[in-house]
Amino acid sequence: MSSYKTKKTPGNTTWFEHDRFGMFIHWGLYSMAARHEWIKNMECISEEHYDLYFKHFNPDLYDPKAWARCAKAAGMKYAVLTTKHHEGFCMFDSKYTDYKCTNTPAGRDLVKEYVDAFRSEGIRIGFYYSLIDWHHPDFTIDRLHPRRNDPDAQKLNEGRDMKRYAKYMRDQVTELLTNYGKIDILWFDFSYPDEDSQPIWKKGKGKDDWEAEELIKTARSIQPEIIIDNRTTIEQDLWTPEQYQPMEWIRHKDTNELVTWEACQTFSGSWGYHRDEATWKSPRMLIDMLINTVCIGGNLLMNVGPTSRGYFDYRAEKALSAYADWMKYNSRSIYGCTMAEPEFTEPRGCRLTQSEDGSRLYIHLMEYPFGDVKMDNLADKIEYAQFLHDGSEVLFTTKKAYMNDGNTEATGKENTIIFQLPTVKPPVEVPVIEIFLK
Ligand code: GLC
């Protein structure tokens, strides 16, 4: 058994730490602007102009079954969809607002169709829900709000009541967790408290504004096992480093315990569909990010931003197929795997994972070496080795038997194993050696 235990939290993270890989989906009215999901904030877009998106939102090619098949092929085991992003637009049929998809040309509950489609492919269901809301009439104008620079911004705040907004969130979370069956993840986003900022009326918002304690209590009373992230700033189940790759397993800042964490990442720089953004990651980088996450005990939530017509564009499809190609044969080094036990040190240019039950070790050959790869502290533990992608035997030997020039310098320490590799790298982005331990 793995010796690594994560800090116990209120929700059920067992399945999550096994499944390792999920799909984030950012989809909303901003997909029509197609130039970042924060566009209303970035360009201080007027309500009149933003209403045009509402008026014309028509995802006529939305086929969530196709999305779910894509996610499944890519090896993603759970998904998290934006039910409401910062713009405030609801992708579900809420009875607490008119600002929802059913009142646009879309004319139907998009969340419901997502839930049905993904669930029927065996993918677990998560909801992203924005704490920020740039449309709700009670959400006060602050330093992030699109109306922050309006000459009458401060005046617009008169009569706005965050208490009413907090109640609205509780009502909507109740709807989301009541009307769609079992929900596995609730992904709140995000808090930005800054008590000292000037002018004070523009200051950010945090857990007290959200009445986060009440909000979480509401969620747990309906779905006690649900995984909730920490972005209300009330600590729950999930630490969520965003757009960077941690180098070590994340630890609790006070107790130093290992925690359950999930890196969230994009294929290119934006979460929402961005027509003109060009920093798309290479297939190789995408695979590396998944391995680099699991080898330090984390999950990866990789984002897709569908077009406003409701499909994954060719770039997103290509990126997803990079995962599909690799995961088809190599998922065994990801699912149910975690950081390798400390007795195993990574050979140069390699990353290790180990199955939770301890029985298998995986060497990911990130830099494919010439001839062989050597690993210390293994000779007395190894039973058999094969390439994971094709189940072909990888021969190995100990340093004595292998070296015939009398030079044992480079082979490492006692107990070293030397795996003999083909000169030509096997035709997979990152080949993996699967080791059956004694
Ligand atoms: C950030 C952004 C947001 C995105 C989220 C995903 O907090 O505000 O646009 O949804 O990251 O992690």
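Predicted model: local features only at pLDDT ≥ 70, side-chain atom pairs only at ≥ 80, totals over all residues.
**Notebook: strands, ligand shell and pockets**

Residues are numbered from 1 along each chain as its sequence is written, and side-chain values use heavy atoms, with hydrogens and water left out.

*Sheet.* I then followed β15 (residues 432-437) to β12 and found that five bridges join these antiparallel strands. Strands here are DSSP runs of E with at least two residues, helices are runs of H or I with at least four, and both are numbered from the N terminus; two strands pair if DSSP finds at least two bridges between them. I traced an open sheet of five strands in the order β8-β9-β10-β15-β12, with antiparallel pairing. At its edges I found β8 and β12 (382-387), each of which pairs on one side only.

*Ligand.* Which residues are closest to the ligand? I listed H26, E37, W38, H85 and E242 as the closest of the 14 residues that surround the ligand, where near means that a heavy atom of the residue lies within 4 Å. By class, this shell holds seven nonpolar, three polar and four charged residues; Ala, Val, Leu, Ile, Met, Phe, Trp, Tyr, Cys and Pro count as nonpolar, Asp, Glu, Lys and Arg as charged, and the others, Gly among them, as polar.

I noted a polar side-chain atom of E37 at 2.6 Å from an oxygen atom of the ligand, and for D189 an N or O atom of the side chain at 3.2 Å from a ligand oxygen. I also noted that the protein covers 95% of the 300 Å² of accessible area that the ligand has on its own, by the Shrake-Rupley method with a 1.4 Å probe.

*Pockets.* A pocket is an open set of points on a 1 Å grid over the protein atoms alone, where a 1.4 Å probe fits, with protein on both sides within 12 Å along at least five of seven lines, and lining residues have an atom within 4 Å of a point. I recorded 20 lining residues for the largest pocket, with T6, T13, T14, E17 and E356 nearest its centre. α1 (14-19) and β8 (337-338) are the elements that give two or more residues to this lining, and α1 supplies the largest share, three residues.

How values were computed. Polar contact = N/O pair within 3.5 Å; in protein donor to acceptor, adjacent residues only side chain to side chain.
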